[in-house]
Amino acid sequence: MRLISAVFIIVLLFSCKKEEPMLCVDETLNSGMAVLCEGLFQQNNSSISWVDFSDNSVTNELFVAKTGRQLGDTGNDMKRYGGKVYVAVNISSTIEVLDANSFTSVKQIEMIDGGTAKQPRSIAFYGTNVYVACFDGYVDVIDTTSLNVLQRIQVGTNPEDLAVSNGKLYVSNSGGLNGPVMDSTVSVIDLTTHTELQKIVVGLNPGEIQVDQGGDVYVITRGNYGSIPSRMKRINTQLDVLEEEFSFDVSGISPMNDKFLVSYYDYSTTQSSVGLFNPQSETLENASYLDVSPVNTLYGVHYDIGKNKIFLLDAMGFTNTGYVREYDVLGSYIISYHVGLNPTEILVYD
Amino acid sequence: MRCCLFILFFIPAWVFSQKDTIQNIQEVRASDFARIPRKLNSSITQEDILETNPTDVGDIIRKISGANIKSYGGLGGLKTVSMRSLGASHTVLAMDGFSLPQLQTGQVNLGQMQVDNLLSVTAANDNSLNTALPVSMQVSGSSVLIRTFENTFLAAEDTLAIRANAKYGSFGRLDGYLAAKYQPGKLMVSLFAGSRQAQGRYPYSLKNGLQNLTGTRENNDYRDFNWGTVLAAKFNRSSVRIGYRQKEIKQGLPGAVIFYNQTQDERLTTDEKNAFMDYTIWGERFSLRMHASGLLHKLEYRDPDFLNGAGGINTVYNNRSANGGATARLFTEHFTFFGGIEQIAADLTVDDSLFAAPVRFHNYGLLGAIFWWKRIKIKGQLSSQYVSERNNNGENAPDQFRINPFLSIELGKYRKHLRHQIWYKNTFRMPSFNELYYNNVGNNALLPEDAHQVNYGISIVPVERKLDLHIRSNVFYNEVRNKIVAIPTQNLFVWSMQNIGTVRVYGFDAMVDAKWNITSYWKSVLTANYTYQRTLDYTDEDSPTYRNQVAYIPLHTANMDLAFYYKKTGLRVSNYFISERYTLNENVPQNKIDGFIITDVSIFHTFKIGEKHHLRAQGTVKNVFNNSYAYIRSFVMPGTNFLISMSYAFN
């Protein structure tokens with residue numbers, strides 16, 4: 001019988017758990033940035049890191065600290081509109097609506113349609129609506145006040161990104177889950193009638209989409225990661241026609257004032273570059289505007305107008321926790337912040 | 001006398017006296033050495049299997065020291081075993097002396113293997129199993145040998161044996177098994193059929209931030225049916241066996257518990273057909289075994305929710321393999337010479353025009369010798385392997401040729417019941433068809449993954465009248481080079497396999513088996529083991545994971561089983577512990593998942609009706625402390641659940 005007691009003592013010893021560390025974040029967010037980290041597929045480990053600019057410290061679980069729960073699986077997009085922040089969580093299939101000042105939860109919108117996850121991917125805004133590209137082939141229209149889904153607009157397969165220009169919504173249809181026969185179109189949606197006007201053929205596997213100050217839409221067609229290279233294309237939004245293809249390697253576009261930072265990451269060589277593109281003259285002004293040597297795996301580029309700084313998102317090989325690397329607008333590297341797994345979006349608070 | 005004492009402790013249920021053909025063959029020459037119980041490797045006996053009421057073979061193997069189980073949960077859920085951190089594909093499984101190749105994934109799903117027919121499960125990294133086994137088993141990093149009721153001969157005095165059992169348990173679990181073998185004289189015929197099923201809708205509780213998420217596991221149903229027959233004959237100096245097994249499985253794949261999204265409805269259907277035969281002949285100074293087997297393994301995977309243009313995925317994978325070989329041994333006064341050849345031919349066809357159509361021819365050759373002299377035993381072997389690949393739909397992987405050594409020196413001290421062993425071996429495992437060819441993920445330029453293992457072991461058997469004690473311990477060092485890992489190479493959603501890893505394993509284990517005869521009615525058995533595995537990533541000095549503990553390998557693993565028997569009634573408490581692990585190679589707090597201890601309790605009683613009929617009733621409560629635990633992040637396992645069983649045995 002002593003042996004039985006011994007067993008239970010061992011059980012108790014093994015059962016003791018260490019205490020959870022307390023998460024301390026200010027009630028109202030200021031002078032810092034929230035960094036959305038995707039995590040990895042099927043691991044429920046998407047997170048939001050908070051970088052405090054006053055002492056450059058990083059808190060890795062901002063979302064948990066503010067809401068008491070985890071963000072979920074694969075957070076793909078995070079944007080601010082009015083007094084709210086919207087986060088699209090792809091595999092968990094939710095839109096998390098947060099108060100922009102306190103980051104507390106306003107509503108979690110479940111994105112499930114008839115038992116199938118819609119898989120929200122990216123977010124855009126127009127008027128009183130939020131537009132969400134969902135991987136199941138629709139753009140959902142959500143009212144910013146009621147936070148209800150008003151309507152679903154059918155587009156192409158696996159829509160990836162959205163941009164608003166000239167009263168219309170441009171949706172890049174990647175068809176990424178349909179490989180190797182991916183989609184090649186951009187859907188044009190009338191923002192008054194919420195109907196698809198047409199599909200513009202732009203090239204294989206459309207991805208990121210951006211608008212310049214003149215209203216032109218630029219879309220990346222990522223090709224087949226082999227013989228068809230990743231390229232930037234320009235759509236004239238007056239005529240809704242594809243007007244121009246640029247011949248340089250590019251996989252991401254980020255606006256910086258009236259210009260674009262165009263980035264490229266080559267998965268096979270792990271080499272990356274960030275160039276400066278002028279959308280007025282339609283020329284690549286500088287192919288290597290930033291010295292990317294501090295960056296291991298370039299996963300995103302973000303320019304913040306208030307802070308007037310450039311932030312490069314470093315995914316560190318995708319299986320290691322990432323970094324945000326800060327540069328000044330002239331391209332000098334300043335500092336790195338160690339954040340969560342696969343940082344993908346930034347919201348800067350002044 | 002000591003031997004008898006040892007056997008006496010195997011109570012209270014049935015003591016089976018079957019021996020299989022392979023084990024009949026004289027392995028060991030008479031010497032002092034042979035009398036010391038061979039206990040450097042780990043064996044799970046039929047008593048262990050009965051008393052712990054395991055769900056599947058994975059539940060059995062986790063009790064073996066050095067085994068690291070990855071379980072994705074539920075009845076029939078994917079379970080694989082990695083021995084001593086080598087990786088699951090380094091383990092070769094054999095059933096009754098026939099290897100079970102799995103070339104598509106490289107890993108047998110232990111969760112799909114039922115347990116009612118098992119007599120023993122033995123695992124070894126030190127090539128100690130048996131030199132009559134197929135060569136593929138003798139040249140692998142580690143091997144697991146399973147023996148079954150249906151494929152073993154009856155004791156000489158018996159002509160009929162019957163086994164039947166029924167189980168009922170939580171989450172809609174219902175099992176049935178019936179087997180019989182008839183052996184009038186030299187001929188033996190056996191027949192068996194079994195089925196397991198469960199709804200698998202178990203409640204779970206999972207930590208979500210600072211909250212607790214509770215829910216019910218969905219799409220976790222499972223139903224299998226398996227049957228088979230063996231025809232065998234045993235003569236004075238030879239034996240022959242021929243048999244067939246078939247398995248049909250239908251199951252839901254519940255996937256990870258994804259926060260806020262419970263829409264999984266993937267399905268898997270498995271259909272497996274296995275035919276096997278062998279012929280063994282032996283004499284005073286030699287033995288020869290010839291074996292052949294064929295396996296058809298069909299998988300049908302369906303995901304109706306996959307967001308592609310076709311509106312879902314429905315793919316059928318057909319993996320066929322045929323294998324044949326021979327092993328021969330020659331015994332002299334101080335030497336046993338052994339050797340063998342084996343040829344495996346396998347292919348994979350997929351009803352997806354994008355998938356490769358690979359064919360592999362894998363040839364094995366083995367030569368070795370065991371030298372016995374006084375208290376020294378030296379075993380050495382050299383093996384060769386030639387692997388030729390073809391792909392009928394695209395580029396194929398290059399051919400491979402390897403020579404691999406094994407050397408073991410054992411020192412036995414009879415009077416002190418002490419035994420030392422030091423061994424080294426170099427092995428490799430081929431990349432699986434999936435790793436080489438799976439659509440974008442596969443990389444047909446992959447090299448085999450190399451493993452080096454060095455081990456020092458000691459075994460002590462102190463002699464006490466009432467206490468039978470075995471103590472064993474090993475220190476080991478393993479190094480895996482050219483480790484095959486997946487990294488994103490085209491985009492974040494397309495990962496590809498690369499040979500980039502180097503892993504070093506610094507390990508230690510200790511095992512104690514104690515059988516204590518308290519009074520003539522009361523007996524007690526303790527089996528415990530502990531394994532320490534510091535498994536470090538040595539791939540890249542500049543990586544943040546350099547010298548970090550490799551993902552999903554616990555530093556500490558322990559088992560402790562304690563059983564008490566009073567006459568024909570028994571109680572067994574099983575404890576299984578693994579320490580915290582990291583879900584990725586980077587050892588940061590976000591990647592940590594908690595360690596756990598699981599305690600199962602069984603109570604059983606055997607009724608003897610006449611001389612030969614045994615009826616056994618058993619109740620098992622698993623996870624009695626209702627711990628929430630997971631082997632793999634977000635694949636949460638069931639809380640407290642029960643299983644009751646009734647079984648009948650004749651002979």
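Strands here are DSSP runs of E with at least two residues, and helices are runs of H or I with at least four, numbered from the N terminus.

Before I continue, please note that this is a predicted model, in which local features need pLDDT of at least 70 and side-chain atom pairs count only at pLDDT 80 or more, whereas totals for chains, interfaces and linings use all residues. Residues are numbered from 1 along each chain as its sequence is written, chains are lettered from A and ligands numbered from 1 in the order in which they are written, and side-chain values use heavy atoms, leaving out hydrogens and water.

Which strands pair with β2(A)? Two strands pair if DSSP finds at least two bridges between them. Strand β1 (residues 32–37) of chain A pairs with β2(A) in the antiparallel sense over six bridges, and Ala34(A) stands opposite Trp50(A). Strand β3 (residues 57–59) of chain A also runs antiparallel to β2(A), joined to it by three bridges. There, Ser57(A) is the bridge partner of Asp52(A). Four residues lie between the strands of the β2(A) and β3(A) hairpin, and Asn56(A) takes a positive phi near 60°.

Let us turn to the interface. Contact means heavy atoms within 4.5 Å, and 62 residues of chain A are in contact with 47 residues of chain B. The size of an interface is often given as the accessible area lost when the parts come together. Buried area is that loss, summed over both parts, with a 1.4 Å probe. For chain B and chain A the figure is about 4,500 Å², with 62% of it on carbon and sulfur atoms.

How many salt bridges cross this interface? A salt bridge is a side-chain nitrogen of Lys or Arg within 4 Å of a carboxyl oxygen of Asp or Glu; the rule finds zero between chain B and chain A. On the side of chain B that touches chain A, β11 (203–208), β24 (467–491), β27 (556–566), β28 (569–578) and β31 (596–609) of chain B each supply at least two residues. Of that side, β24(B) gives the most, with four residues.

Over all chains, however, the count comes to 51 salt bridges. Side chains of opposite charge can pair when their charged atoms come close. One of these salt bridges joins Asp240(A) and Lys168(A), at 2.9 Å from N to O. Asp240(A) lies in the loop between β20 (231–236) and β21 (241–245) of chain A and Lys168(A) in strand β15 (residues 168–173) of chain A, so this pair ties together parts 72 residues apart in sequence. Both residues, Asp240(A) and Lys168(A), are buried.

A further salt bridge is formed by Arg325(A) and Asp314(A), whose closest N and O atoms are 2.9 Å apart. Arg325(A) belongs to strand β28 (residues 321–328) and Asp314(A) to strand β27 (residues 309–314) of chain A, so the pair ties together parts eleven residues apart in sequence. Arg325(A) counts as buried because its relative accessibility is 8%; Asp314(A) counts as buried because its value is 0%.

Notes:
Buried area = accessible area lost by both parts, 1.4 Å probe. Buried < 20%, exposed > 50% of the residue type's maximum accessible area, 1.4 Å probe, protein only.
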